[in-house]
Amino acid sequence: MAADLELAGAIRRGLAELGEPERAAAQQRYMKSQIPFRGVTLPQLRSLLRPLLKNWRPADRASWKATVLELWDHVAYREERYAALTIAEHKAARAWLDAESVPLFRHLVVTGAWWDHVDEVAQHLLGAALVAHRADLTPVVQEWATDDDPWVRRAAVVCQVGHRDTLDTELLRHAIAANVDDSTFWLRKAIGWALRDYARVDPDWVRAEVDRLGDRLSGLSRREALKHLR
């Protein structure tokens, strides 16, 4: 099934109309992005996408995926990828957030390879699929936690952020244990973030994990994990 080129074209035209070159340069510097920006703010992007996607319904899974990849793989400006992720998370596509879409999720993580893309995929695509299809997705997250790609591993660590009392502590423990000895800033930050988020639900469990990991836990991860705990 072909991508919805009419939708993709409308998004690109809208971004061009809203773009501000001075802001674009600042955004690119801040994000350390090789892909240029149009200079569109997040509220502006949301306002642009809202009417375009309000009644949008992809014909099937293949059309949905193709439309996401049209904007993602043929990106000229970074905001197009933000739009692609919004389409990936569209309410009409919720039934397709499952094991069959894992290759798409991985592609977005590996080619996105930066925190803004990776965390969005991890939480709102992989994480949503995990909640809906736990038996199928738990082995996927376990495998991702030991992947060669550090961004795939970060996705495994943070994919349960926001899950609160439905969080699988054994899966989180596995993801952290697989990466706790990694010196990468983005993984150390991810571990601390995942623990800090769950501390809102079960602070005693988080304190126990921090104590159990001891000196293996980096100072950054420890500070993040205990940030809101006395």
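Colleague: At what angle do helix H1 and helix H4 pack, and how far apart are their axes?

Modeller: In this predicted model, the angle between H1 (residues 5–18) and H4 (residues 61–73) is about 35 degrees, and the axes lie 9 Å apart. Helices are DSSP runs of H or I of at least four residues, numbered from the N terminus. Each axis is a line fitted to C-alpha atoms over the stretch in contact, and angles run from 0 to 180 degrees between N-to-C directions.

Colleague: Which hand does the crossing of H1 and H4 have?

Modeller: The crossing is right-handed, a term for a near helix turned clockwise from the far one by less than a right angle.

Colleague: Which residues make the contact?

Modeller: With heavy atoms within 4.5 Å as the criterion, H1 supplies Leu5, Leu7, Ala8, Ile11 and Arg12, and H4 supplies Thr67, Glu70 and Leu71. Five of these residues are nonpolar, one is polar and two are charged. Asp, Glu, Lys and Arg count as charged, Ala, Val, Leu, Ile, Met, Phe, Trp, Tyr, Cys and Pro as nonpolar, and the others as polar.

Colleague: Why is the pair of Phe37 and Tyr82 called tilted?

Modeller: Ring centres must lie within 6.5 Å to pair, and planes under 30 degrees apart are stacked, over 60 edge-to-face, the rest tilted. Here the centres are 6.4 Å apart and the planes stand at 50 degrees, so the pair is tilted. The whole structure holds seven aromatic pairs.

Colleague: What makes this pair a link between distant parts of the chain?

Modeller: Phe37 sits in the loop between H2 (21–31) and H3, Tyr82 in helix H5, 45 residues apart.

Colleague: How were residues numbered and selected?

Modeller: Numbering starts from 1 along each chain as its sequence is written, and side-chain values use heavy atoms, without hydrogens and water. Local features need pLDDT of at least 70 and side-chain atom pairs 80 or more, whereas totals for chains, interfaces and linings use all residues.

Terms used:
Helix = DSSP H or I, 4+ residues; strand = E, 2+ residues; numbered from the N terminus. Phe/Tyr/Trp six-rings, centres within 6.5 Å; stacked < 30°, edge-to-face > 60°.
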